[in-house]
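Student: I would like a close look at one part of this model, the ligand site. Please take me through it in one go.

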Amino acid sequence: MISKYHHLIDLNDYPVSWWKKVVSLGEEIKQNPAKFAHECDGKIMATLFYEPSTRTQMSFQTAMLRLGGRIIGFDNPANSSVAKGETIKDTTKIVSSYADVLVIRHPIAGAAKAASLSADCPVINAGDGGHLHPTQTLTDLLTLKIEKKTLSGLTVGMCGDLINGRTVHSLCKALSSFPDNKFIFISTPELRMPVYIKDIIKAHGSEFREVDTLEEAIGELDVLYMTRIQQERFASREEYLAQKDTYVLDRQKMLGAKKDMIVMHPLPRVDEITVEVDDDSRAMYFDQAKYGVYVRMALILTILEEEKSSETLVGKVYSNVRCDNPKCITNHEEYLPKSFRSCGDETLLVCEYCDERKLI
Ligand code: NCD
């Protein structure tokens, strides 16, 4: 199936040169936003947020408004026909005929991919369940470019809910594509980085190690990326409570960090960074959220300006194989073609929507 639109579902669908171009344009917009104030005059962006959001939704909306465009959408599916049982396919088909670009956030992995199959305009993934969050990664890359002046040779600590955190999944995939970045994953055994992400890091030739405490890693880091324990993605409240409050970055722990380490966090913060850290000049998370507007302006411009047609599904469609991930969109919206990539080995299939592996 060929789509003539320029979707952003996974950053890794594009070459690194493309990400660099978007980030550089974000830097240029930051220097001189007025120059871009009418670039999207007459354009409409739809934001379909099936899941709560403050920064991602509002920074996308601000980005379009600052480019001179206008916005439509919902931030609570209960107020749309989704509440009446409408599928992603139908909602996307209709809304994409009203708008020039569609931004979607959804609690189920692969939902943005599913939307791109039926959209009549470009689709941007603003977070699909615990899977990916490519525009947060563009925000993170711009933050690193501005604050560390480089995207390579960094030792990056990622701390907290690494199994459910889509921001760290996308960021690992991206940063391991640049030379000499090293990762230290700080989490409990239950919340470790998914195997498929670790395999991608290995395939890119980057180093990583896993530790249980912040104290044993913090002194080595150039960047500490804190994350929230994602309560909404746990099977039960008991499992969440067992993990909650394990990692708290406070002034005492910051004493052990390098003088030029920066602290990032996609936000919202719950209690994993104490408020006293906000006054430390190394705390970069509020600036990071601000930079998200510039990079999203750059992304909207790039997606609307460039022509691109590509295969929406590159894998093989199987009528009799199901994805084993209960949180995959193909197990929620039955009409979707079940498409899998093969990983060299014909017996190992990878779901094209959520990246879950399956041995057949
Ligand atoms: C994150 C998200 O929604 O994945 N926030 C964001 O987009 N800025 C992180 C989170 O919810 O914890």
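Tutor: P268 sits in the loop that runs between β10 (262–264) and α10 (285–305); strands here are DSSP runs of E with at least two residues, and helices are runs of H or I with at least four. The model is predicted, so local features need pLDDT of at least 70 and side-chain atom pairs pLDDT 80 or more, while totals for chains, interfaces and linings use all residues. Numbering starts from 1 along each chain as its sequence is written, and side-chain values use heavy atoms, without hydrogens or water.

The peptide bond leading from L267 into P268 is cis, and its omega is near 5°. Both residues belong to the set around the ligand (a heavy atom within 4 Å). That set also includes P266, along with T56, R105, H133, Q136, R166, T167, R228 and Q230.

Three of these residues can be followed into polar contacts, pairs of N or O atoms within 3.5 Å. P266 takes part through its backbone: a polar atom there is 2.9 Å from a nitrogen atom of the ligand. R105 uses its side chain, where an N or O atom lies 3.0 Å from a ligand oxygen. H133 also uses its side chain, with a polar atom 2.7 Å from an oxygen atom of the ligand. On its own the ligand has 310 Å² of accessible area (Shrake-Rupley, 1.4 Å probe), and the protein covers 94% of that area.

How values were computed: A polar contact is a pair of N or O atoms within 3.5 Å; within protein, one must be able to donate a hydrogen and the other to accept it, and residues adjacent in sequence count only if both atoms are side-chain atoms.
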